[in-house]
Amino acid sequence: MLTPYRKKLTLICAIILALIVIFYGTVYILCKIYLNPKTIQETIVNQAKVKFNRTVTVGNDIEFDIDWDMSPHLVLHDVAIANSPWASNPHILTAKEIEFHFSLANILLKQISIHTVNLIEPAVYLETKGSQTNWDDLHNDINATPSSTLRLTMHKIQVEHGTLSYNNDKTDIEKLDFVTRNDFSNMHFHLQATHHNLPIKATIEIDSLITYFKLNIVTMHVGNSDITGNLNIEKSPVKISGKFESDKLVLSDFLNNGANTSGEYVISKSPIPVALLRGSEFDVTVKIGVVDLGGLQLNKFALQAKNVKDVINIKLNPGAIIDNGKLDLNIDYNLNPATPTLSLQAKTTTLQFESILRQMFGKAPIEGSSLDFSSNLQGQGSDFNTIVGSLSGQILLVAGPGEFENSAAAMGSVFTNVLSSVITFDKQLPSTGFKCGVMNFKVNNGVANARNGIGVEAAS
């Protein structure tokens, strides 16, 4: 037997349930009236054709449902957007499914508005051919005047289990969340991906208006590397400032699979934005705990870049600690000439030669010995490939007293090859002593030549 209290509670629950059913039914009826799936599909496809300037195709299956929050959504299957005629892949984008989530509030006002788009197993194919890119002719005015039947506000884009291909390079995207305002002035990205078996996790925030651009890397992890920080750009006049921090950067995380078939890395021909940098204020600092260069570790330093009277100065301040020595680096990139010029000076304090070799190669044919390194190079150009190809100057390495292991003569490294060509070995002895060694490279048009520049003084 129900008590008066329980009767009252049961009645309230019944009323609430009835209201939910009525509300759900009302929403469903309104959606059926204003969101005819076939009509919405045709509208979306037609608008996509106009916005992307490409042929858009979809499968025949259409799903329509209402989410737990009463917002309706439509699912299109087997979506494909055509590629440029010259591209190797027939499509620039394919997706197993694309879900469009509609604003319930707008439907109640007899308006149709998409606020969230979910892409399931999308594949994006980006390609270049000479100076052409397969996205050159894509229209990107996402805020163009909408049709009278459909308005794309797109507050959120979600990607699940997608791939992004750029020429022969591929990134697998496990999950991407992109949240923005209608005018794209504020954007938030969260990415989980894999590139050449390296896991990538990043959370990035962007503010972009006519007068300024702000980038905030909340977190970013690539393989064993990490970086956080922010970059601010004021657009008129251009003023760039930024501060970044990293506990560890591993070179192989960023050069992974970047070598050609001969094991050499191709230097980018992408132009440096000289016109943008001229006349700009520029001050960016990256504070780094450790950089791993193929086993050689540079510790506790900061890389600072400033533009002073159109001369971009890049230096280590403080210098990088290598073992118990130190590396100082100073680069001046002068934007004043029609073709910018570059000057590079690098120098170390005395390093432990044996320790450096063990870090780089895992073994050392040298026992003891010290090493001093210095370089003075000049070049010119508006892209890195041209600059490196024009470098001229000197690279000097001087080794102090030590012992060369005679059994290491067949190890095949550059050091043993050089030393075995200038030292006569007594194979009955375990090692050969030397007082000093010099490797003096003359650099001309990007090529280092050590002709008549290598000498070793054997110990008496």
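Me: How many bridges join strand β24 to strand β25?
Reply: Keep in mind that we're looking at a predicted model. β24 covers residues 370-380 and β25 covers residues 392-399, and the two run antiparallel. The number of bridges joining them is 8.

Me: Which residue in β25 does Asp-372 stand opposite?
Reply: We're still on the antiparallel pairing of β24 with β25 here. Look across from Asp-372 into β25 and you land on Val-398.

Me: And β25 is also joined to β27, so to speak; which residue there stands opposite Leu-396?
Reply: β27 spans residues 431-444 and runs antiparallel to β25, with 7 bridges between them.

Me: Over to the surface: is Asp-61 buried or exposed?
Reply: Asp-61 is found in the loop between β1 (56-57) and β2 (62-66). Together with Glu-63, Asp-65 and Asp-78, Asp-61 forms a negative surface patch. The cut-off for exposed is over 50% relative accessible area. Asp-61 has 54% relative accessibility, so this residue counts as exposed.

Me: What does Leu-255 count as, given its relative accessibility?
Reply: Leu-255 lies in helix α4, residues 251-255. Anything between 20% and 50% falls in the middle class. Since Leu-255 comes out at 31% relative accessibility, the label is partly exposed.

Me: About how much accessible area does the nonpolar patch with Leu-255 have together?
Reply: That patch on the surface is made by Leu-251, Leu-255 and Leu-293. Taken together, their accessible area is about 210 Å².

Definitions and conventions. Residues are numbered from 1 along each chain as its sequence is written. This is a predicted model: local features need pLDDT of at least 70, side-chain atom pairs count only at pLDDT 80 or more; totals for chains, interfaces and linings use all residues. Side-chain values use heavy atoms; hydrogens and water are left out. Patches are made of residues with over 30% relative accessible area and no salt bridge: like charges are joined within 9 Å, nonpolar side chains (Val, Leu, Ile, Met, Phe, Trp, Tyr) within 5 Å. Accessible areas come from the Shrake-Rupley method with a 1.4 Å probe; for residues, only the protein chains shown count as cover. A salt bridge is a side-chain nitrogen of Lys or Arg within 4 Å of a carboxyl oxygen of Asp or Glu. Lys and Arg count as positive and Asp and Glu as negative; His and the chain ends are not counted. The place of a charge is taken as NZ of Lys, CZ of Arg, CG of Asp or CD of Glu. Helices (H or I, at least four residues) and strands (E, at least two) are DSSP runs, numbered from the N terminus. Buried means under 20% relative accessible area, exposed over 50%, partly exposed in between (1.4 Å probe, protein chains only). Two strands pair if DSSP finds at least two bridges between them.
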